[in-house]
Amino acid sequence: MTSGAGDKAEGRRTAAKIAAWVVGIVAGAVPVLVIVGVAAFVFTYVTVVVPAPGDIKQNQVATIVDSKGGVLARVVPPEGNRTDVKYENIPTSMVAAIKAAEDRDFDSNVGFSLRGFSRAALGKLTSDGGAGGGSTITQQYVKNAIVGDEVSYKRKFKELAIATKMSRQWSKEEIMAAYLNTIYFGRGAYGIAAAAKAYFNRDITKVTPEQCADSKLPRAKRANCLSASESALLAGIVRGPSLYDPAVNPEMATERWNYVLDGMVDIGFLQKADRDTQQFPKIAAVKAADSSDVKSGPNGLIERKVLAELDTLDITEQDVRTGGLKITTSIRPQVQNALVSQARSVMTGEPKELRTASVSIDPATGGIVGYFGGNDGQGWDYASAGLQTGSVFKVFALVAGLEQDIPLSQRYDSSPYVGPGGITINNSDGESCGTCNLATATKMSLNTVFYRLMMDLNG
């Protein structure tokens, strides 16, 4: 054997030893990593606290209405036009569709799915985007509502632990309702109620699944029912709202829609014959998401006053934004419309710098039945502004005079009045009645007469 051949043989033996050494280390390390992972999961599971159903408050729309139920303002959170729907009011086709799209083992898994996890891991290794995600519906809800989406092992352990514990403490119906009321569907729509409105202009809160199953349901009511085809589209969008909205990418949306419908057959909700008759649904045009509670008109100022009053009643801003409240005011629509119309009409032809405001109060209850503080709902509220009260106080002075036995026939001089400190009081536009009684001075709103009256009042 030559020297060169010996060197090569020695090199192969060395490489084999190194390979065996590396394999030994990895083989020893893998069980250690598994043990550490299991220990971390068990510790997190034991120590983590799962909120009870209903304890997790999500922002949703609050509605401010007048005395007849007409909408004056809507307090819309940054998450958009979200409204909670009880499980029994969620369309059955939507429940089936979301299972088919996101978690076909939902009814049987314990909060996480080993098969789904393996499928997701395989997809990562093979770069197969169609392999599907590894997160169950329960995990997705926990991530969205509790732990957030930080990329870290600590967050993932917590997500898995809470999801597993939640699946033992919550019913499947409670988890599904919480998920469908929270998940984002695109178009500014959080939750199934907002999504049905955004994509199909349907108000699912006005019908129940039982009503929708009734063939005799009136057409007006049926217009708010979701079909299996529409539910499949909505469920498919959840995976990527910016990708699967038909208005953005009709081809991907159709492919995803077909995937969900096939899944609805697999889980037993649809028969194959019914699935084959489904037609791609027609969607509503995209509208700008209503994500602001700022109002530009007079009602914006009413909203501001209502929210301030609620605060004095220990109803916090958090209560308003998470309670889905319907707040009924004392505003009467007929009075409000007349008041706003009149307030605007008196400004016709007046200089732009002039402002007007008006408040109408029911003397029997003290309730405000009409309120106009200006046209800019984001601006200055002139009905509550700290402005000079002016001639309003003449009425109080006159009442005080009558209570102190000063009659309307009492006569006063209306010439300029020099008050304390040398301040001279004049009448508007130089008006005067010479010397006249209080009745005439009231009609003419004479400042000088009422200053003299007030000097005669006791106190």
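Author: The model is a predicted one. On the side of helix 2, the contact is formed by S93, A96, A97, A100, A101 and E102. Helix 12 contributes R256, Y259, V260, G263 and M264. Sorted by class, the residues of this contact comprise seven nonpolar, two polar and two charged.

Helix 2 also has a contact with helix 6. The axis of helix 6, residues 172-180, comes within 11 Å of that of helix 2, and the two cross at roughly 85 degrees. Helix 2 and helix 6 are therefore roughly perpendicular to each other. Here M94, V95, I98, K99 and E102 of helix 2 meet M176, Y179 and L180 of helix 6. This contact has six nonpolar residues, two charged residues and no polar ones. E102 belongs to the contact with helix 12 and also to that with helix 6.

Elsewhere in the chain there is an open sheet of three strands, arranged in the order 2-1-3 with mixed pairing. Strand 2 (71-75) and strand 3 (326-328) are its edges; each has a single partner strand, so one side of each is left without a neighbour in the sheet. From one strand to the next, the twist averages 20 degrees. Strand 1, residues 62-65, runs antiparallel to strand 2, and four bridges join the two. One of the residues involved is V65, whose bridge partner in strand 2 is V71. Helix 14, residues 298-312, packs on this sheet and touches strand 1, strand 2 and strand 3. The direction of helix 14 makes about 65 degrees with that of strand 2.

These parts belong to a chain whose secondary structure comes to 19 helices and nine strands. Of its 459 residues, 37% are buried. Among contacts with a separation of 6 or more, 65% are between residues 24 or more positions apart. The chain exposes about 26,400 Å², of which carbon and sulfur atoms supply 56%.

Terms used. Residues numbered from 1 in each chain as written. Predicted model: local features only at pLDDT ≥ 70, side-chain atom pairs only at ≥ 80, totals over all residues. Heavy atoms only, no water. Buried < 20%, exposed > 50% of the residue type's maximum accessible area, 1.4 Å probe, protein only. Contact = heavy atoms within 4.5 Å. Areas by Shrake-Rupley, 256 points an atom, 1.4 Å probe, with all protein chains shown as cover. Pairing = 2+ DSSP bridges. Axes fitted to C-alpha atoms, helices over the stretch in contact; angles between N-to-C directions. Nonpolar A, V, L, I, M, F, W, Y, C, P; charged D, E, K, R; others polar. Parallel < 35°, antiparallel > 145°, perpendicular 65-115°, else oblique.
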